Amino acid sequence: MSSTRAESKELNLTSDHAEPQGRAEKKMNVLDIKNFSAGYGRLRVLHNISMSVQEGNVAVLLGANGAGKTTTLRAISGLIKSEGSVLLDGQETRGLSPDRIARLGLAHAAEGRGTFTDLTVEENLRVGAFRRTDKSEITTDIEKMYDLFPRLRERYQQKAGSLSGGEQQMLAVGRALMLRPRVLLLDEPSLGLAPVIINDLYDTLARVNKELRISMLIVEQNANLALEIADYAYVLESGVISLQGPASEIASHDGVRAAYLGDL
Ligand SMILES: Nc1ncnc2c1ncn2[C@@H]1O[C@H](COP(=O)(O)OP(=O)(O)OP(=O)(O)O)[C@@H](O)[C@H]1O
Ligand SMILES: [Mg+2]
């Protein structure tokens, strides 16, 4: 995708993300990542990336296989070592344990779903609330998850391992939401799902964002739907942010269309 990289500097994206228009309406960054690097042992995968998610917004991170998308989310969550800075609501979280970072309001629905297969749907949702400080409204929130994902209500006593792929993905998102996070990181939520299920899932994610006011950072390869619900988008190439801008502009960018949106 060298064309995208070449154009990255020229694309003067007038984002209200980077430059809020009305100063009075300036939104806070709920997640602010600066000069961030990470890798595995001696292998450096991320090279000094900077990205942010504004409060109430959805950001999407696009990139080819092996670009470093999952590594980015894992490093933000404290699952692997990193350098640089990660501010969650203005508080530095880099170097803290994954558990501490989750308690500060960062939920991560990992690639490959990761539900507890031997637990029921409802038990999985309760596990999601485990790190919450406020335990009083857990039952109410489980009801909210069932409203968002009616299939989970129908199967509340079923073991997660016997759910369909789409249902497991819904449960993974529901479980992450039970933390009542400030930011939800989603790693390829559409992976392996049929188009109609992906549509439903994205409708629900849009509702979660609008109605529960949860900010999100979504990693996707099949990016059409993610860009539709997103406010802002980043493209990661070989561990470097090669392009960024308002989601609508990224969605109409030729290089992005060719590489990530299935256009020839
Ligand atoms: N545990 C690991 N140990 C060593 N190298 C790893 C490990 N996990 C990932 N990598 C390497 O880091 C690079 C980035 O991987 P990553 O999983 O972040 O890519 P990705 O953008 O999420 O790709 P995909 O779209 O295939 O999920 C790859 O070259 C991969 O081989
Ligand atoms: Mg990945």
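These exercises walk through a predicted model of a single chain with a ligand.

**Exercise 1. The chain as a whole**

Task: State how many helices and strands the chain has, and what share of its residues is buried.

Solution. Start with the elements. The chain holds 11 helices and 10 strands. Turn to burial. Of the 264 residues, 45% are buried. Residues 24 or more positions apart supply 69% of them.

**Exercise 2. The ligand shell**

Task: List the residues around ligand 1 and find which element gives the largest share of the shell.

Solution. Begin with the residues. Those around ligand 1 include Tyr40, Leu43, Val45, Gly63 and Asn65. Next, assign them to elements. β2 (43–54) and α2 (69–76) are the elements that give two or more residues. The largest share, three residues, is from α2. Four residues are nonpolar, seven are polar and one is charged.

**Exercise 3. The open sheet and its edges**

Task: Give the strand order of the open sheet of four strands, and explain why one side of β2 and of β5 is left without a neighbour in the sheet.

Solution. Write down the order. The strands run β2-β1-β4-β5, and the pairing is antiparallel. Now look at the ends. β2 and β5 (91–92) are the edge strands, and each has a single partner strand, so one side of each lacks a neighbour in the sheet. Check the pairing at β5. Strand β4 (residues 82–88) meets β5 in the antiparallel sense over two bridges. Leu87 has Glu92 in β5 as its bridge partner.

**Exercise 4. Glu92**

Task: Decide whether Glu92 is buried or exposed, and name its contacts beyond four places in sequence.

Solution. Glu92 belongs to strand β5. Count its neighbours. Glu92 has 11 other C-beta atoms within 10 Å. The cut-off for exposed is 12 or fewer. Glu92 is therefore exposed. Now the contacts. Setting aside neighbours within four places in sequence, Glu92 touches Ser85 and Leu87. Finally, a distance across the sequence. Leu31 is 61 residues from Glu92 along the chain, and their C-alpha atoms are 10.0 Å apart.

**Exercise 5. Strand β6**

Task: Work out which residues of β6 lie on each side of the strand, and how β6 pairs with β7.

Solution. Recall the rule. Side chains in a regular strand alternate between the two faces of the sheet. Apply it to β6 (residues 106–109). Leu106 and His108 are on one side, with Ala107 and Ala109 on the other. These residues are all buried, and both faces are covered. Now the partner. β6 pairs with strand β7 (residues 183–187) in the parallel sense, over four bridges. Ala107 stands opposite Leu184 in β7.

**Exercise 6. From the loop to the helix pair**

Task: Classify Gly114 by its C-beta neighbours, then describe how α4 and α7 cross.

Solution. Locate Gly114 first. Gly114 sits in the loop between β6 and α4. Gly114 has 16 C-beta neighbours inside 10 Å, so it counts as partly exposed. Gln168 is 54 residues away in sequence, yet 8.4 Å away C-alpha to C-alpha. Now the helices. The axes of α4 (residues 121–128) and α7 (residues 165–177) come within 7 Å and cross at roughly 35 degrees. The crossing is right-handed. On the α4 side are Val121, Asn124, Leu125, Val127 and Gly128. They meet Leu171, Gly174, Arg175 and Ala176 in α7. Five of the contact residues are nonpolar, three polar and one charged.

Conventions: Residues numbered from 1 in each chain as written. Chains lettered and ligands numbered in written order. Predicted model: local features only at pLDDT ≥ 70, side-chain atom pairs only at ≥ 80, totals over all residues. Near = placed C-beta within 6 Å. Nonpolar A, V, L, I, M, F, W, Y, C, P; charged D, E, K, R; others polar. Buried ≥ 20, exposed ≤ 12 C-beta atoms within 10 Å, placed from the backbone. Pairing = 2+ DSSP bridges. Axes fitted to C-alpha atoms, helices over the stretch in contact; angles between N-to-C directions. Left-handed = near helix turned anticlockwise from the far one by under 90°. Contact = placed C-beta atoms within 7 Å.
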